[in-house]
Amino acid sequence: MDFRMSEEQQMLKDMVRKISEKEFAPRAAEIDEKETFPWENKKVLEENGLLGIQIPEKYGGAEAGMVSLAIVTEEVARVCASTSAILTTQALATDPLLIAGTDEQKMKWLKPMAEGSVLGACAITESGAGSDVTGIRTTATEKDGGYVINGNKIFITNGGVSDIIVVVVYTDKSKKHKGISLVVVTKDTPGFSVGKEEKKLGIRGSDTRELIFEDCFVPKENLLGAPGDGFKTLMKVFNYTRPGIGAQAVGIAQGAMDAVINYCKERVQFGKTLSEFQGLQWMMAEMALKIEMARTMIYRVCATIDNEPDSRDIPRLASMAKWFASDAAMQITTDAVQIFGGYGYSREYPLERMMRDAKITQIYEGTNQVQRIIIANSLLR
Ligand SMILES: Cc1cc2nc3c(=O)[nH]c(=O)nc-3n(C[C@H](O)[C@H](O)[C@H](O)COP(=O)(O)OP(=O)(O)OC[C@H]3O[C@@H](n4cnc5c(N)ncnc54)[C@H](O)[C@@H]3O)c2cc1C
C-alpha cells in the first residue's frame, strides 16, 4: 500500500501540533507529578472532534480514517503521553462496537464516545490473564433475558473515568477461546464498581483501575456480536489499535528528539556546543532514522486498514509497527536522557518523564514478545 499524506492530513497535523503546544505541553509535567486525570485536556480533545476521528460520521465521528488517528495520536503524545492515552483508549473501547455492534448499539454507545461526550474503556486483563486472554475467569451467565457478570479486571485504562466499558467474559468456558464474548457495562449498573487505582512508572495522568463485577446484570442487548465471537472481534480490534500505540510511541520519541536537538545547539562543554560532537550527532542521526522507519510502518498499516480493511497483511503489519515503534521510543528516550546528562535525570526537564512514558508502549495491547508470536504465526500459517 503506497502512502502519501493528503492536504487535509497535513492541515490536521498542523492543527493538532498547535493545540498540543498551546494546551497540553504546559500542563504535562503537572499531570505527571500530581498523577491526576487531565479532564481539561479531555475537554479540548472533545471540543476539537478528536476523540472519534476515525469513526464514521453516521456514528458521531469525523470519518477521517486510521492515518488521521495516527497523526493526531503522535502529535498529542509528542508533548503529553498521558493525554494521548485518552485517544488510544477511546479507540480500544469504540472499535469493538464498530466491528461487532448492531446499528442500535452503535447509536446508543459508539456515538456518544465518538462525539467525545463520554469516555470508554475496554476490560480484558485479569490477575491471572494478561498475554493469554483465554486465562480470564470473568463469566457472564445467561439469566432472565440477560447476563449476570462475575469477576475482577485489573490495569484497566480509564476504568474509573469511563461511562461505557466493554468487558471480555466467558459465556461458555468449556469452548475455550470460542466461548469468549464481549458485553457492554455502563458505570451505573448495579453490581459494577471501580476498585483501586494503580500507581505507575509512567503515563501517570491516565487512570488505571481494578474493576469489580458482582452479580452485575445486563440485558441481552448488551452483548456485542454472537456469544463466542468475542475473541475473534478482540483480535481484530487489536489490529486496529496497535498502530495507535505505535503512533503514541513515535510521538514520545519525536518529543524527545526535538528536545535533544534544541539542547545540543545550546549546551557548551569543552568550548563547543554538544551539537559539534560527532558521537552525539550519530546518536541523533540514529534517532531520526528510527522515527522515520517507525512512522512509515505505522502509516503503511493505517493506510492498508483504510483502503483494504480485509487484507491478511494487517495483523502482521500492525504487530511489526507497534513492536518497532515502541522499542525505538524506549531507546530514543533513554539516549535522550543520556545526552541531557544530569539534567536528563532531573525532573526539572521532561526527558525522564518521556523515558518512563515510553516503557508502557512495549507492554500494553500485547507485549512485544506477543507481537513476535503473531508475526511468526503469520509467516508459518
Ligand atoms: C498502564 C497500563 C495500562 C493498561 N491498560 C489496559 C486496558 O485498558 N485494558 C486491559 O485489558 N489491559 C490493560 N493493561 C494490561 C496489559 O495489556 C497487560 O499488562 C499486558 O498485556 C501483559 O500482560 P501481563 O501484565 O499479565 O504480563 P504476562 O502475560 O504475565 O507476561 C509476563 C512476561 O512474559 C512474557 N510472555 C508472556 N507470554 C509469553 C510467551 N508465550 N512467549 C514469550 N514471552 C511471553 C511477556 O511478554 C512479559 O514479558 C494495561 C497495563 C498497564 C501497565
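Predicted model: local features only at pLDDT ≥ 70, side-chain atom pairs only at ≥ 80, totals over all residues.

**Entry 1: the second largest cavity.** I began with the residue classes around this cavity: its lining has 6 nonpolar, no polar and 3 charged residues. Next I wrote down the names, and the lining consists of A77, R78, V79, C80, A81, I252, R353, M354 and D357. Two helices, helix 3 and helix 10, each supply at least two residues of that lining. The volume came out at about 40 Å³.

**Entry 2: the other cavities.** How many cavities of 30 Å³ or more does the structure hold? I found 5 of them. The largest cavity holds about 60 Å³ of space. Around the largest cavity I listed M66, L69, T73, L87, T88, A91, Y240, T241, G244, I245 and E365. Helix 3, helix 4 (81-100) and helix 6 are the elements that give two or more residues to this lining. Which helix supplies the largest share? That is helix 6, with 4 residues. By class I noted 6 nonpolar, 4 polar and 1 charged residues in the lining of the largest cavity.

Entry 3: I then turned to open space. The second largest pocket has about 350 Å³ of space. Its lining counts 20 residues, and A25, V79, P350, R353 and M354 lie nearest the centre. The elements that give two or more residues here are helix 1 (7-34), helix 3 (65-79), helix 6 (230-266) and helix 10 (351-360). Helix 1 gives the most, with 6 residues. What is the class make-up of this lining? I get 8 nonpolar, 2 polar and 10 charged residues.

**Entry 4: ring pairs.** A search of the whole structure gave me 6 aromatic pairs. One of them, Y263 with F340, is stacked, at 4.0 Å centre to centre and 15° between the planes. Why is this pair worth a line in the notebook? Y263 lies in helix 6 and F340 in helix 8 (residues 314-340), so the pair ties together parts that are 77 residues apart in sequence.

F340 has another partner: F340 and Y349 form an edge-to-face pair, 5.8 Å centre to centre with 65° between the planes. Y349 is at 32% relative accessibility, so I logged Y349 as partly exposed. Putting the rings together, I get a cluster in which ring pairs link Y263, F340, Y343 and Y349.

**Entry 5: two single residues.** I looked up Q254, whose place is in helix 6. With 11% relative accessibility, Q254 counts as buried. What does Q254 touch, not counting residues up to four places away in sequence? My list reads E74, R78, I291 and R295.

A328 came next, and A328 lies in helix 8. Its relative accessible area is 4%, so A328 is buried.

Entry 6: I finished on strand 5 (residues 180-186), which is mostly covered, as 6 of its 7 residues are buried. Which way do strand 4 (residues 164-170) and strand 5 run, parallel or antiparallel? They run antiparallel, joined by 7 bridges. In this pairing I picked out V166, which stands opposite V184 in strand 5. Strand 5 is also joined to strand 8 (residues 223-224) by 2 bridges, again antiparallel. Here V183 stands opposite L223 in strand 8.

Definitions and conventions: Residues numbered from 1 in each chain as written. Heavy atoms only, no water. 1 Å grid on protein atoms, 1.4 Å probe; cavity = no way out; pocket = protein on both sides within 12 Å on 5 of 7 lines; lining within 4 Å. Points joined across faces, edges and corners; volume = space filled by probe spheres on them. Nonpolar A, V, L, I, M, F, W, Y, C, P; charged D, E, K, R; others polar. Buried < 20%, exposed > 50% of the residue type's maximum accessible area, 1.4 Å probe, protein only. Pairing = 2+ DSSP bridges. Phe/Tyr/Trp six-rings, centres within 6.5 Å; stacked < 30°, edge-to-face > 60°. Contact = heavy atoms within 4.5 Å.
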